[in-house]
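Reader: I have a structure on my screen and want to learn how to read it. Where do we begin?

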Amino acid sequence: MTRELLKDKLTDKLIEGISSGRYPVGSLLPKELQLVESEGVSRHTVRAALAKIERLGLIQRTPHVGTRVVSRGRVQTFDQELSTLSDLGRLAAHNPRHILDIREIVV
C-alpha cells in the first residue's frame, strides 16, 4: 500500500477546485500562507503543489501579485499569450534558444 504525499493531496484538491469552477479562470488562488493555515501543511508543501500545478499550465505565479488561474484544463496548444514583460521572461526561461546564424541585412 502506497502512502499519498501531502503535496499530491493538495495538488489534487486545488486542481479539482480549478476544474470545478471554485477558482475560475482569471481569479487568484489563496495566498501561500492562507493555504498553509487552511490545509494544515508546511509552506514547502504548498510551494511544491503550486509548482506542479504551474507545470501543468493551470496557474501562473507572479511575485508580489499572486497565483492566477489561467486555464481549467491542461494547456494543449503551443499558442502563448504575452501581455506583460514577465510573460515574455517566463516564456524565454522555459524555452531554450540556440543562435544558428548572425547576419547583417541592409534594407
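Author: Begin with contact, which means heavy atoms within 4.5 Å. Leaving aside neighbours within four places in sequence, S71 is in contact with I18, V25, G57 and L58.

Reader: What should I know about the model and its numbering?

Author: Residues are numbered from 1 along each chain as its sequence is written, and side-chain values use heavy atoms, with hydrogens and water left out. This is a predicted model: local features need pLDDT of at least 70, side-chain atom pairs count only at pLDDT 80 or more, and totals for chains, interfaces and linings use all residues.

Reader: How many helices and strands are there, and in what pattern?

Author: Helices (H or I, at least four residues) and strands (E, at least two) are DSSP runs, numbered from the N terminus. The protein has four helices and two strands. Along the sequence the pattern is α-α-α-β-β-α.

Reader: Where is S71, and is it buried or exposed?

Author: S71 is in the loop between strand 2 and helix 4 (85–94). Buried means under 20% relative accessible area, exposed over 50%, and partly exposed in between (1.4 Å probe, protein chains only). S71 has 15% relative accessibility, so it counts as buried. Of the 107 residues of the protein, 22% count as buried.

Reader: How much accessible surface does the protein have?

Author: Such areas come from the Shrake-Rupley method with a 1.4 Å probe; for residues, only the protein chains shown count as cover. Here the accessible surface is about 8500 Å². Carbon and sulfur atoms hold 56% of that surface.

Reader: How do I read two packed helices?

Author: Helix 2 (residues 32–39) and helix 3 (residues 43–55) pack at about 115 degrees, with axes 9 Å apart. That makes helix 2 roughly perpendicular to helix 3. Angles under 35 degrees count as roughly parallel, over 145 as roughly antiparallel, 65 to 115 as roughly perpendicular and the rest as oblique.

Reader: Which residues of helix 2 and helix 3 meet?

Author: E32, L33, L35 and V36 in helix 2 meet R43, V46, R47 and L50 in helix 3. By class, five are nonpolar, none polar and three charged. Ala, Val, Leu, Ile, Met, Phe, Trp, Tyr, Cys and Pro count as nonpolar, Asp, Glu, Lys and Arg as charged, and the others, Gly among them, as polar.

Reader: What lies between helix 2 and helix 3?

Author: A loop that holds S42. At 36% relative accessibility, S42 counts as partly exposed. S42 and L6 are 36 residues apart along the chain, yet their C-alpha atoms are separated by 9.4 Å.

Reader: At what angle do helix 1 and helix 3 cross?

Author: The axes of helix 1 (residues 6–20) and helix 3 come within 8 Å and cross at roughly 50 degrees. That makes helix 1 oblique to helix 3. Residues in this contact include L6, L10 and L14 of helix 1 and V46, A49 and I53 of helix 3. The contact has 10 nonpolar, two polar and three charged residues.

Note on methods: Axes are lines fitted to C-alpha atoms, for helices over the stretch in contact, and angles run from 0 to 180 degrees between N-to-C directions.
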